[in-house]
Amino acid sequence: MSAGGTSVDRDPGLGGVHAALAGLTTRGRSFLAAGVAAALCSFVLGQADLLRVGLLLIALPLVCVAVVYRTRYRVAGSRRLDPGRVPAGSEARVQLRIDNVSRLPTGVLMLQDRVPYVLGPRPRFVLDRVETGGRREVSYRVRSDLRGRYPLGPLQLRLTDPFGMCELTRAFSGYDTLTVVPRAEPLPPVRLSGEAAGYGDGRHRSLALAGEDDVIPRGYRHGDDLRRVHWRSTARYGELMVRREEQPQRARCTVLLDTRRVAHPGAGPDSPFEWAVSGAASAAVHLLERGYSVRLLTDTGSSVPGHDGAGGHASAHDSADAAGLVLDTLSVVRHSDGAGFSRAHDVLRGGSEGLLVAFLGELDEEQALLVARMRQRSGVAVAFVLDGAAWARGGAWTRPRHLDERLRLLRDAGWAALPVAPGTPLPELWRQADQYRAQHGGVTAPGAADGGWA
């Protein structure tokens, strides 16, 4: 929810006069042209009465321009979004408020807010006379089936005279942004192995100042409890050393999203790429709610919250903020021009990732082998592989041979790899992944700690 506004007053100087003359409506320009024509005809025909009519026709629009130009209304406007972040296909309510902060009542005001065309038609309102110190509130709704960040504003007021000869538009400087995020579907709570909160096989440990003792000492710091002094290490190093302590850390998960343009043909809300983005959002939100620390990674190697975050993973202690960070990133993610996963592989090679959930497009043999090697640094690895060509064709789906070969390569490396047919709901695939792991025993890659699955 946000608000912003500024005062509106007349434009001083010559530029304001030019703007006022440019604000003549078709009616005003017609009166002005008719008056000039009548004045010229009066000189040609020698008719004094026709000259008076011409001067009246010329004077009327010019007087209206002067009145509108010298209007000294001071109006404050504000906008409020409720909510400021909505899933694709949902509506947001925009409330506009106009306050008359001048000493004079206003005339009729025409209010207009600028919105992108994907959010619907431009809203326009006619406000009756606003008394001194009074306010008016109007609202409208916006909706988009396409995710993204859309600016709303600036808010515009159109001032006009009673005869409709002149219109001037005054714009506020503030604007707001509506974030349309991919729709996150609720997923069933399944568990293949481990615990999300750090109490099963997938538990990781990190250094901290509270918890169980660790035999690795560190130098004494001012304020450390003397009861933690490690005397054997103190004698060995010749300086005061204290015991480090550690505490359980929540299980980690990396959600890998394939954004390669060559892997996702087509565009629009029903395209395979949008399904993959929505799937990544659903998995990230679900795992955050289950207590995981989640990182979003793309084939380009970019990650959220990034390498400067807490281990590159969004903290699960405040799942709402972490989910908002991931959803905001997914709202603006676009196709990449890359052809492979080498950068993502380099990021994952840095350490054990626990759970790895991947949403992949079409794979050639080389990229399938590279993705298969990513399994070595994770405990449980699940891949949803889309057949983009089938999505583009539509109709009945027959799984092609090359897709079976790519799935076999991934499964041989320990992935729970599932094909995604057009129109298949993600919750059903989520259950199928659970069943696949149960049937195949959840084989773990050598040297990798087994991660949890929720």
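Author: On a 1 Å grid over the protein atoms alone, a cavity is a set of points where a 1.4 Å probe fits but cannot get out; a pocket is an open set with protein on both sides within 12 Å along at least five of seven lines, and lining residues have an atom within 4 Å of a point. The model is predicted: local features need pLDDT of at least 70 and side-chain atom pairs pLDDT 80 or more, while totals for chains, interfaces and linings use all residues. Residues are numbered from 1 along each chain as its sequence is written, and side-chain values use heavy atoms, without hydrogens and water.

Reader: Which residues line the largest cavity?

Author: Its lining consists of Gly 361, Glu 362, Leu 363, Val 385, Asp 387, His 402, Leu 403 and Arg 406. The space inside is about 40 Å³, a volume being the space filled by probe spheres set on grid points joined across faces, edges and corners. Helix α10 (residues 401-412) gives the most to this lining, with three residues; helices (H or I, at least four residues) and strands (E, at least two) are DSSP runs numbered from the N terminus.

Reader: What volume does the largest pocket have?

Author: The largest pocket has a volume of about 410 Å³. Among its 21 lining residues, Arg 183, Pro 269, Glu 274, Trp 275 and Ser 278 are the closest to the centre. Helix α5 gives the most to that lining, with five residues.

Reader: At what angle do α5 and α6 pack?

Author: Axes are lines fitted to C-alpha atoms, for helices over the stretch in contact (heavy atoms within 4.5 Å), and angles run from 0 to 180 degrees between N-to-C directions. Helices α5 (residues 272-289) and α6 (residues 319-331) pack at about 170°, with axes 9 Å apart. The pair is therefore roughly antiparallel. Residues of α5 that meet α6 include Ala 281 and Leu 288, and those on the α6 side include Ala 323 and Leu 330.

Reader: In what order do the strands of the open sheet lie?

Author: Two strands pair if DSSP finds at least two bridges between them. Six strands follow the order β17-β16-β15-β18-β19-β20, with mixed pairing. The edges are β17 (303-304) and β20 (416-420), each pairing on one side only. Within the sheet, β15 (residues 252-257) and β18 (residues 355-360) pair in the parallel sense over five bridges, and Cys 253 stands opposite Leu 355 in β18. Helix α5 packs on the sheet, its direction making about 165° with that of β18. Helix α6 also packs there, touching β15, β16 and β17, at about 15° to the direction of β16.

Conventions. Parallel < 35°, antiparallel > 145°, perpendicular 65-115°, else oblique.
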